[in-house]
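Keep the structure open as you read.

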Amino acid sequence: MRYKYENKKRKYRKMKPRVGRIAILVVIMIAIVGLSVFGVKSLMGILNPPKPNPIALYVKDTSLFNEKARNAKEVVLRDFAIGKELPRHKPLPADMKIACLTFDDGPGYESTDYLLGVLKKYDIKATFFVLGSKAEQNPEMLKKIIKAGHEVASHSYDHPDLTKLSPAEVKQQLDRTDEAIRKAGGKTTTLLRPPYGNYSKEIEETIGKDIFLWTVDSNDWRFKGDPQGSADTVLGTVQPQAVILYHDIYDSSVKSAEIVIPKLKEMGYEFVTASKYMELTGEY
Ligand SMILES: [Zn+2]
């Protein structure tokens, strides 16, 4: 500490420590600069959210895997959005808007539970294409789905490409799944959505179930963590009669459905189950 002799008052007065003051100023300056950099960064993050990084769960024949896509969303919309077109035998009036919400690969856990709440809120019945293996793991959730009045149909036992299996193996995949659904209190389903949408004429003719695919692919598994991305995909490609594909095993998928449902309601869509959809549109 330094002291200065002051003539007037004839006494020593304590001087403010100059070095300490400079240090405090420097710290404050660093803090201000740091906070503004952080602030600008978070603002930029809000204005320009990072693009989702698509991760391929299923190998699909798409340019996304053989071209350097600058914008994943564009490629997804171009290659995937329309899904698989069903040959419709009973064309409906163009102004009749029906949407069949379908959820594959479950039953999931928290995400499925959340979805059941959303469906209840909007008083909608959806269709769950469950895996027998998942149903065995989580029978309580399947019971809850059935109790809520949703339709439960088959998506095989553990998601193989059915076209790569022998007829006996295909039968086993379907029988085990039917059994798991029955055990949870459900009815034996007459609908099968083959994994990856892959099936052969032989499978179709021998399994004793109707193949039920989709017309609108939310691509929700590509938009994990980005519910708005898959919601935009659905809303941007929806047709007057739409079978919409989702997976209830991802949080972002059920959040996406939560965005889509009220929008479709506003657009005048009526929600139907897969069986009802088939009844209205015909066999395929
Ligand atoms: Zn699947």
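Begin with Ser 156, which sits in the loop between β5 and α6; helices (H or I, at least four residues) and strands (E, at least two) are DSSP runs numbered from the N terminus. This is a predicted model, in which local features need pLDDT of at least 70 and side-chain atom pairs count only at pLDDT 80 or more, while totals for chains, interfaces and linings use all residues. Residues are numbered from 1 along each chain as its sequence is written.

What draws the eye at Ser 156 is its phi, a positive value near 80° in a residue other than glycine. Most residues other than glycine have a negative phi, and most peptide bonds are trans. Ser 156 counts as buried because it has 24 C-beta neighbours inside 10 Å; with C-beta atoms placed from the backbone, the cut-offs are 20 or more others within 10 Å for buried, 12 or fewer for exposed, and partly exposed in between.

Tyr 196, in the loop between β6 and α7, also has a positive phi, about 65°, although it is not a glycine. Tyr 196 is partly exposed, with 14 other C-beta atoms within 10 Å. For a cis peptide bond, look at the step from Gly 106 to Pro 107, where omega is near 5°. Pro 107 belongs to the loop between β3 (98–104) and α3.

Now turn to α6 itself, residues 167–183. Its 17 residues reach 24 Å from first C-alpha to last, close to the 24 Å expected at 1.5 Å a residue (1.5 Å times one less than the number of residues). Which residues of α6 are buried? They are Val 170, Gln 173, Leu 174, Thr 177, Ala 180 and Ile 181. These cover an arc of only 125° around the axis, so they lie on the same side of α6; the arc is taken from the directions from the helix axis to the C-beta atoms. On the other side of α6, Pro 167 and Ala 168 are exposed. The buried residues pack against β4 (127–130), α4 (132–137), β5 (151–154), β6 (191–192) and α7 (201–206), where contact means C-beta atoms, placed from the backbone, within 7 Å. After α6 comes Gly 185, with a positive phi near 100°.

Finally, the axes of α3 (residues 110–121) and α9 (residues 251–266) come within 8 Å and cross at roughly 10°; axes are lines fitted to C-alpha atoms, for helices over the stretch in contact, with angles from 0 to 180 degrees between N-to-C directions. That makes α3 roughly parallel to α9 (angles under 35 degrees).

Conventions:
Parallel < 35°, antiparallel > 145°, perpendicular 65-115°, else oblique. Contact = placed C-beta atoms within 7 Å.
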